[in-house]
Amino acid sequence: MKQKTTSKSSILKSIGPGFLLAGAAIGVSHLIQATRAGADYGFILIWVLIIACISKYPFLEFGPRFAAGTGNHLITGYKKLGKFPYWIYILITVGSMFIIQAAVTIVTAGLAERLFNFGWSPFLWSGIILAACIALLLIGKYPGLDKSMKVIVTALTLATLAAVIMAFGAGTVNDAVTTKPPSLWTTASLGFIIAFMGWMPIPLDASVWHSIWTKEKALQNQQKISVKGAFADFNVGYFSAAFIGLLFFLLGVLVMFGSGTSFSSNSVEFSSQLVELYGKTLGEWSKPLISVAAFITMLSTVLTVTDAYPRVISELKNPEKDKPEDKKEKWKIYRISIFIIPVLSLSILYFLSGSFTILVDFAAGLSFLSAPFLAWFNYKLVTGKQMPEKHRPVKSYRIFSLVCFALLVVFNFVYLYITFLG
């Protein structure tokens, strides 16, 4: 009996990195893309959301599994796997991190002004939000981030669930079911579906972030995280992200689908339209709830992304070294990177605002096209010699993973066809 209690206690101590994954996942993909999927197509695209979450599940789960099973994060694994996986990951990270940091920050800034109405510019709000995130991360370090995300993800889940329940109560389900959706076989529809699947619930490079957070959690606990504990933690975070994605999808269906409104392609304006339509459906009193849910959604992403990229940068040079002097050097690189990445991201917002949409499309395309590569690298790591045999996936799970890998490859070919030949 005592052993079981200890085991449960160990698993509970492992919980944390999964919340960080959920916080990173629940952002533009949920607030904008999941809501837009429901708003433009109704219930018909719910299968896309489900397939997207299923097809990425094993490869994101391999991140914390590898960290718990070997004591190393995925960057160490990539480097030992060979130059190609290691440099491909570096290319993906450097090619997208400044743009993604800028994208999630500017959307959060717009929602902050929408919520607080101080009359401040998006650029000023962006600076304030990033400064607050940097202060929290440098002062609170990993424990501060861990505790903050548990509160944020829990609050977001409750706020969004309440919003959906109220939308169901407004009696809009019948309209959503009877309204005819647009065709899925147009170039525009197929392009949206592929993009939706690519970002839902999160790009696969987040598996590296999760592996780093899992290793950091073990250091904070001063004990090795078991594979069972890492698996439980991952499921808490991943299914939370998938569930909240479903909630935002339902918000789009129940509040926006069939409303006759032409929805903006601008993320902040689209969010404002959601808030306005919610007010029309349920009354003005409901606007603060959905405004808070939208703002918390994006704030969670900014906070986790602001932490994730500096952690990655600090590990790239010598990922396998963990001596005290190595940790001091990595912490120094982290502190430098946590300022440089936001500053360069703000520079993109300031100087390249006219080309920002093109830059975001580039980052999205890079993340999407890299998914099969990262999926295969992760699969090779957890089934290869680096992973202790007892922690490798069982045969049925390996088969499931390979089916998911095939789906990712098919999605890529469709994406390339639509992008260049459609």
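This dialogue goes through some features of a predicted model.

Me: Which helices supply at least two residues each to the lining of the largest cavity?
Reply: They are helix 4 (46-70), helix 9 (187-199), helix 15 (356-383) and helix 16. By class, this lining has eight nonpolar residues, four polar ones and one charged one.

Me: Which residues line the second largest cavity?
Reply: The lining consists of S314, K317, N318, D326, E329, K330 and I333. Helix 14 gives the most, with four residues. One lining residue is nonpolar, two are polar and four are charged. The volume of this cavity is about 50 Å³.

Me: What about pockets: how much space lies in the second largest pocket?
Reply: The second largest pocket holds about 470 Å³ of space. It is lined by 18 residues, of which E216, L219, R311, K327 and W331 are the closest to its centre. Helix 14 gives the most to this lining, with six residues. Helix 7 (122-169), helix 10 (206-221) and helix 13 (287-316) are also among the helices that supply at least two residues each. The lining has nine charged, six nonpolar and three polar residues.

Me: How many salt bridges are there?
Reply: Side chains of opposite charge can pair when their charged atoms come close. The structure holds seven salt bridges. One of them joins R311 and E216, at 3.9 Å from N to O. R311 is in helix 13 and E216 is in helix 10, so this pair ties together parts that are 95 residues apart in sequence. R311 is buried, with 11% relative accessibility.

Me: Which parts does the salt bridge of K317 and E329 tie together?
Reply: The side chains of K317 and E329 meet at 3.5 Å, N to O. K317 lies in the loop between helix 13 and helix 14, whereas E329 lies in helix 14, so the bridge ties together parts twelve residues apart in sequence. K317 is exposed, at 53% relative accessible area, and E329 is partly exposed, at 32% relative accessibility. Elsewhere, salt bridges with shared partners join E216, D307 and R311 into one network.

Me: Why is helix 2 described as largely enclosed?
Reply: The residues to check are those with under 20% relative accessible area, which count as buried. Nine of the nine residues of helix 2 (residues 17-25) are buried, so the rest of the structure largely encloses this helix. P17, F19 and L20 are among them.

Me: Which residues form the nonpolar patch on the surface?
Reply: The patch consists of L369, F413, L416, Y417, F420 and L421, with about 670 Å² of accessible area together. Helix 16 (residues 395-420) gives the most to the patch, with four residues. Y417 has its place in helix 16.

Notes: Residues are numbered from 1 along each chain as its sequence is written. This is a predicted model: local features need pLDDT of at least 70, side-chain atom pairs count only at pLDDT 80 or more; totals for chains, interfaces and linings use all residues. Side-chain values use heavy atoms; hydrogens and water are left out. Patches are made of residues with over 30% relative accessible area and no salt bridge: like charges are joined within 9 Å, nonpolar side chains (Val, Leu, Ile, Met, Phe, Trp, Tyr) within 5 Å. Accessible areas come from the Shrake-Rupley method with a 1.4 Å probe; for residues, only the protein chains shown count as cover. A salt bridge is a side-chain nitrogen of Lys or Arg within 4 Å of a carboxyl oxygen of Asp or Glu. On a 1 Å grid over the protein atoms alone, a cavity is a set of points where a 1.4 Å probe fits but cannot get out, and a pocket is an open set with protein on both sides within 12 Å along at least five of seven lines; lining residues have an atom within 4 Å of a point. Grid points are joined across faces, edges and corners, and a volume is the space filled by probe spheres set on the points. Ala, Val, Leu, Ile, Met, Phe, Trp, Tyr, Cys and Pro count as nonpolar, Asp, Glu, Lys and Arg as charged, and the others, Gly among them, as polar. Buried means under 20% relative accessible area, exposed over 50%, partly exposed in between (1.4 Å probe, protein chains only).
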